[in-house]
Structure formats: structure tokens, C-alpha cells
Amino acid sequence: KEKKKKHKMIFNLYIFNKHGKAIYYADWHRKKQSDNLAEEYKLMFGMLWSLKNFVAKTSPKPIDDKTGFHSYKTSTYKLHFYETPTSVKFVIVTDPNTPDLRDDLKKLHRDIYVEYAIKNPLYKLDEVIRCELFITSLHKFIRSLPSFPDPSLLTKA
């Protein structure tokens, strides 16, 4: 038997403002599309809020940026989470075999979100991000990650 190689994969990305509004969403290798993205955003934000609070309340030690909620994993996906000091939340959903992407989420925040959305004079804070330079830079960054497979490695089902 030939053993199938497991490819690490990035499925989607959410960015939420401090009020829980989805200000950006993108997907790449997501096989099951959402019937209602607005409902999905609410469910995702609610789950993040609940998990953060659960971790904070049940932790035997004080929670800080290094010890708080960063990710969780199921048999079908892994959710990576980073919250900025200004309460903007970055979420990437990947294949469960993907290593921790926390540093990549921090880099995405610092080098792309701040540089191409926040510093853009046409961008209104807390609104949906439509800045072209942000979008193209974000997609280029995601595609450069080791967890984003080379398209030639993907087999068509």
C-alpha cells in the first residue's frame, strides 16, 4: 500500500473588530461552503468569546498573552487565534496537522493589517476591509506560508 502524504492546508481566515463584527474573511481550500456567512461569523465570534472566558475562568494561573487561548484542534481542523491589544481578533482555520500559526498571525497583524488597512487614509476603522493593497498582500502572505500547499501537490477528488 502506498501511504498518502498528509498536506498541511489553510482553509479560511476571519478578522473581527473589537465589537465582534467580521471586517475581513477569505477562504482557500475550504471544501464545505457556508450557507450563511453572516450566521457563521456570529457563531465563530461567540465561540471565541466563550472559549476565551472559559480558559480565563478555569485556569489555575493568571492568564496573559502567552498563556491564554491560542488554538484548539479537532479531528478535521485546527483553529488558530490571536487577539491584538486593541481587541482585533485574527482566526485561521487549518488542517489539524498544521503547526502553530500564532507568530504568523502576529506578523499578519503587524505587517499587513496595520500597514495596509489601518494606515490607509481611505479605510474607516472597524468597517469591512476593502483596501486592494491589504487584500493582495494578505493573499500573498498566506500563500507564502509553509502550511499553504503547492497547488501541484493537491489531488483532485
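What covers the buried residues of α2? In this predicted model, local features need pLDDT of at least 70 and side-chain atom pairs count only at pLDDT 80 or more, while totals for chains, interfaces and linings use all residues. Residues are numbered from 1 along each chain as its sequence is written, and side-chain values use heavy atoms, with hydrogens and water left out.

The cover over the buried residues of α2 includes β1, β2, β4 (78–83), β5 and α3; helices (H or I, at least four residues) and strands (E, at least two) are DSSP runs, numbered from the N terminus. Buried here means under 20% relative accessible area, exposed over 50%, and partly exposed in between (1.4 Å probe, protein chains only). Among the buried residues of α2 are Leu105, Leu108 and Ile112.

On one side, β5 is joined to β1 by six bridges, and the two run antiparallel; Tyr14 stands opposite Val91. β4 also runs antiparallel to β5, again with six bridges, and Leu79 stands opposite Val93. Between β4 and β5 lie five residues of a hairpin, and Ser87 in the turn has a positive phi of about 70°.

Note on methods:
Contact = heavy atoms within 4.5 Å. Pairing = 2+ DSSP bridges.
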